[in-house]
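Open the model in your viewer and keep the selection panel at hand. The stops below say what to select and what is there.

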Amino acid sequence: MTSLLQVNDLRVTFGRPRRPWRPRAGRVEAVAGVDLTVGRRETLALVGESGSGKTTVARCVVGLARPTAGGIRFDGTPLATRRPPALRRSIQMVFQDPRSSLNPRMPVRRIIAEGWGVHPEVAPDGHRTKAVLALLDQVGLDATVLDRRPAELSGGQCQRVSLARALALRPRLLVCDEAVSALDVSVQAQVLRLLADLRDRHDLSILFITHDLGVVRQIADRVAVMRRGEIVETAGVDEVFEAPKHAYTQELLDAALDIEVADPAEVDR
Ligand SMILES: Nc1ncnc2c1ncn2[C@@H]1O[C@H](COP(=O)(O)OP(=O)(O)OP(=O)(O)O)[C@@H](O)[C@H]1O
Ligand SMILES: [Mg+2]
């Protein structure tokens, strides 16, 4: 499989040393040499504990954070933080906190159509409202939200609006940071089916960040397990679940199993 995204030895360090004689004090190495690839029409899940560096990797990939070192290639082209419009459009991100990533003053219809002003090459030929409605329908929303602002939506609805906004630009790579975590199970299943369908029919690749191993099983082709800024294991989804190689992956799986068992609905059965 030819890879669409290639991340090589990515490093991101935050913070400046306050004491020059101790240059490492006060610094956080959020990403400490990450290698990963996402193939065409492939979904790579990036999992790992809180603070392991997943969002930081995602932000570098979409150009919102500057790597301290390392390289990112998209379709063979090295990516800098500043990118030409066509490249920016091709890589879209759905953020972990959708409410703060949506413009609070804009109604949903404008939020979704906004990118078409910047990228007319993907703007719909016909009526814009109709195209916005079609996108809303794909993510399980309807015309009742068209004129609402983010503050008038639930967290899950915000998340679906951000997903529709990203899909409006017909990206080739979609970076989803906990993009379905706030959704109830049935909408979550609908969105996951939509993503799988887009991946197969529209040549979409997905970097899918999640803490939910159940979701990983549903959507991912491969899984990369991250811990303390490093990838400790990358493998096919079945391999990771059936025969995890790294002790930390086993820990994650055990923790997920504990949560399932602790679910009272499960215990009752
Ligand atoms: N802008 C920043 N300035 C300083 N430190 C930061 C910044 N952004 C992230 N960090 C630190 O980098 C590390 C990795 O953070 P990151 O947000 O990438 O983790 P994550 O894996 O996405 O966690 P979560 O699952 O909780 O979202 C953390 O220790 C975090 O505190
Ligand atoms: Mg995060």
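Begin with Thr43, which counts as buried because its relative accessibility is 0%. Buried here means under 20% relative accessible area, exposed means over 50%, and partly exposed lies in between (1.4 Å probe, protein chains only). Thr43 is in strand β3, residues 43-48. Helices (H or I, at least four residues) and strands (E, at least two) are DSSP runs, numbered from the N terminus.

Some conventions before moving on. This is a predicted model, in which local features need pLDDT of at least 70 and side-chain atom pairs count only at pLDDT 80 or more, while totals for chains, interfaces and linings use all residues. Residues are numbered from 1 along each chain as its sequence is written, chains are lettered from A and ligands numbered from 1 in the order in which they are written, and side-chain values use heavy atoms, with hydrogens and water left out.

**Ligand 1**

Next, select ligand 1 and the residues around it: Phe14, Val28, Ala30, Glu49, Ser50, Gly51, Ser52, Gly53, Lys54, Thr55, Thr56 and Gln96. A residue is near a molecule if one of its heavy atoms lies within 4 Å of it. By class, this shell has three nonpolar, seven polar and two charged residues. In that sorting, Ala, Val, Leu, Ile, Met, Phe, Trp, Tyr, Cys and Pro count as nonpolar, Asp, Glu, Lys and Arg as charged, and the others, Gly among them, as polar.

Which residues have an N or O atom 2.7 Å or 2.5 Å from an oxygen atom of ligand 1? In the side chain of Thr55, an N or O atom is 2.7 Å from a ligand oxygen. For the side chain of Thr56, the corresponding distance is 2.5 Å. Gly53 takes part through its backbone, where an N or O atom lies 3.0 Å from an oxygen atom of ligand 1. Taken alone, ligand 1 exposes 640 Å², and the protein buries 59% of that. Those areas come from the Shrake-Rupley method with a 1.4 Å probe; for residues, only the protein chains shown count as cover.

Two elements give two or more residues to the shell around ligand 1: β2 (28-39) and α1 (54-62). The most comes from α1, with three residues.

**Helix α1**

Select α1 by itself and colour it by accessibility. Seven of its nine residues are buried, so the helix is mostly covered. The buried ones are Lys54, Thr56, Val57, Ala58, Cys60, Val61 and Val62. After α1 comes Gly63, with a positive phi near 90°.

Most residues other than glycine have a negative phi. Select Asp9, in strand β1 (residues 3-14). Asp9 is not a glycine, yet its phi is positive, about 45°. At 36% relative accessibility, Asp9 is partly exposed.

Then go to Asp75, in the loop between β4 (69-74) and β5 (77-78). Its phi is also positive, near 55°. Asp75 is partly exposed, at 34% relative accessibility.

**Distances to draw**

Finish with some C-alpha to C-alpha lines. Where is Arg228? Arg228 is in the loop between β9 (222-227) and β10 (230-236), and it is exposed, with a relative accessible area of 61%. Draw a line from Arg228 to Glu49: the two are 179 residues apart in sequence and 8.3 Å apart in space. Glu49 is one of the residues around ligand 1.

Asp35, in strand β2, is partly exposed at 46% relative accessibility.

Arg22 sits in the loop between β1 and β2 and is partly exposed, with a relative accessible area of 44%. Arg22 and Val61 are 39 residues apart in sequence and 31 Å apart in space.

Is Phe208 buried or exposed? Phe208, in strand β8 (residues 205-209), is buried, at 0% relative accessibility. Its C-alpha atom is 17 Å from that of Glu230, 22 residues away along the chain.

Definitions and conventions. A polar contact is a pair of N or O atoms within 3.5 Å; within protein, one must be able to donate a hydrogen and the other to accept it, and residues adjacent in sequence count only if both atoms are side-chain atoms.
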